[in-house]
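Visitor: Hello! Could you walk me through this structure, one question at a time?

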Amino acid sequence: MRDLDLLTLRLFAAVCEQRSIARVAEQESIVGSAISKRLAQLEHAVGTPLLVRRRRGVAPTPAGETLLEHARTMLASVGQIERDMAAYATGIRGHVRMLVTASVMAESLADDVAAFLQIPAHRDIQVSMEERVSPDVVQGIREGSASIGICWDAADLTGLETCAYRSDHLAIVAHAAHPVARLASVRFADVLGHEFVSMPALSAVQVLLARAAAVEGKTLAHRVLVSNFDAALRVVGANLAISVVPREVAEPFARTAPVRIIPLSDSWAQRRFAVCYRSSQALPACARLLVEHLARVGLPAAA
């Protein structure tokens with residue numbers, strides 16, 4: 001078995017698919033007797049017949065069908081190796097599609113991707129980012145609609161490979177004139193009597209807050225519903241309600257707006273994000289490089 005070579009496996013797979021040694025010989029510009037000799041040597045190596053010779057061609061035996069499946073996998077892996085090596089030799093090219101949550105999009109991901117693309121060797125790589133809620137990020141990666149996903153690591157990531165990315169800290173954001181703005185820090189349970197600016201029900205932050213309120217036997221009082229953090233901060237700036245927003249998102253806004261950031265003392269207020277993908281081996285070279293970059297820049301922050 002150690003003497004199996006890729007050319008023989010490729011010819012074997014072609015014969016199985018074409019059901020004809022003569023046809024494969026013509027396509028590959030190899031005499032039929034040479035292919036027959038290689039196939040006979042292959043059968044000898046595995047110790048069992050792989051092909052049934054018929055009047056009008058050949059057909060794989062059950063053992064041949066099994067070997068054919070393995071051969072296709074091996075040949076596909078070789079093809080991936082060739083593509084990856086060619087990418088390194090000529091400069092990495094490709095398009096990486098990412099699914100990310102609103103929190104990740106609103107924080108440092110854009111800067112991290114920009115730093116990756118500014119590396120001269122990556123000048124021919126394109127990256128697209130689509131915003132989704134955490135469950136949809138995970139589902140999209142499982143279904144293969146994108147190469148890489150980034151979401152809260154509390155999501156169900158079963159069956160996916162992951163690496164740590166960054167973290168953030170949820171905080172209350174309130175207008176400077178709001179009573180909550182006078183506090184140095186606060187437990188989420190202590191502000192449940194106030195009206196909130198809320199995000200869509202399936203967003204990671206909103207799911208987390210709904211669960212935390214339920215533990216206290218209460219529900220959130222929604223005054224305004226918005227679709228993103230920027231809108232939530234503008235509503236807070238108008239003193240219509242308070243909101244729970246990642247501190248990292250709120251800080252730039254608070255520098256120029258009459259709002260205050262009050263840290264949440266709850267243990268769940270610090271969240272960690274994960275980069276997820278189906279398999280590192282299945283990632284295209286350009287996507288693998290991006291994953292490595294995000295893990296590298298995100299690890300100190302995640303720690």
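Predicted model: local features only at pLDDT ≥ 70, side-chain atom pairs only at ≥ 80, totals over all residues.

Visitor: Is the protein spread out or a compact globule?
Guide: The chain forms 11 helices and 11 strands. For 303 residues the globule rule gives 19 Å, and the radius of gyration, 28 Å, is well over that. Along the principal axes, the C-alpha atoms fill a box of roughly 90 × 45 × 30 Å. Because the radius of gyration is well over the value from the rule, the protein is, compared with a compact globule, more spread out.

Visitor: How far apart are the mean positions of the positive and negative charges?
Guide: The protein has 32 positive and 30 negative charges.

Visitor: How many disulfides does a search of the whole structure find?
Guide: A disulfide needs two cysteine sulfur atoms within 2.5 Å. For cysteine 163 the closest cysteine sulfur belongs to cysteine 276, and at 9.1 Å that is too far for a bond. Cysteine 286 has its closest cysteine sulfur in cysteine 163, 16 Å away, again too far for a bond. Over the whole structure, the number of disulfides found is 0.

Visitor: Is cysteine 286 buried or exposed?
Guide: The cut-off for buried is under 20% relative accessible area. Cysteine 163, at 17%, counts as buried. Cysteine 286 has a relative accessible area of 4%, so cysteine 286 is buried.

Visitor: Is aspartate 112 buried or exposed, and which residues does it touch?
Guide: Aspartate 112 sits in helix α6, which covers residues 109-117. Its relative accessible area is 7%, so aspartate 112 is buried. Not counting residues up to four places away in sequence, aspartate 112 touches Tyr165, Arg166, His293, Leu294 and Val297.

Visitor: How far apart are the C-alpha atoms of valine 245 and serine 103?
Guide: Valine 245 belongs to strand β9, residues 243-246, and with 1% relative accessibility it counts as buried. Leaving aside neighbours within four places in sequence, its contacts include His169, Leu170 and Phe229. Serine 103 is 142 residues from valine 245 along the chain, yet their C-alpha atoms are separated by 8.8 Å.

Definitions and conventions
Residues numbered from 1 in each chain as written. Heavy atoms only, no water. Helix = DSSP H or I, 4+ residues; strand = E, 2+ residues; numbered from the N terminus. Rg over C-alpha atoms; globule rule 2.2 N^0.38 Å. Lys, Arg positive; Asp, Glu negative; His and termini not counted. Charge placed at Lys NZ, Arg CZ, Asp CG, Glu CD. Buried < 20%, exposed > 50% of the residue type's maximum accessible area, 1.4 Å probe, protein only. Contact = heavy atoms within 4.5 Å.
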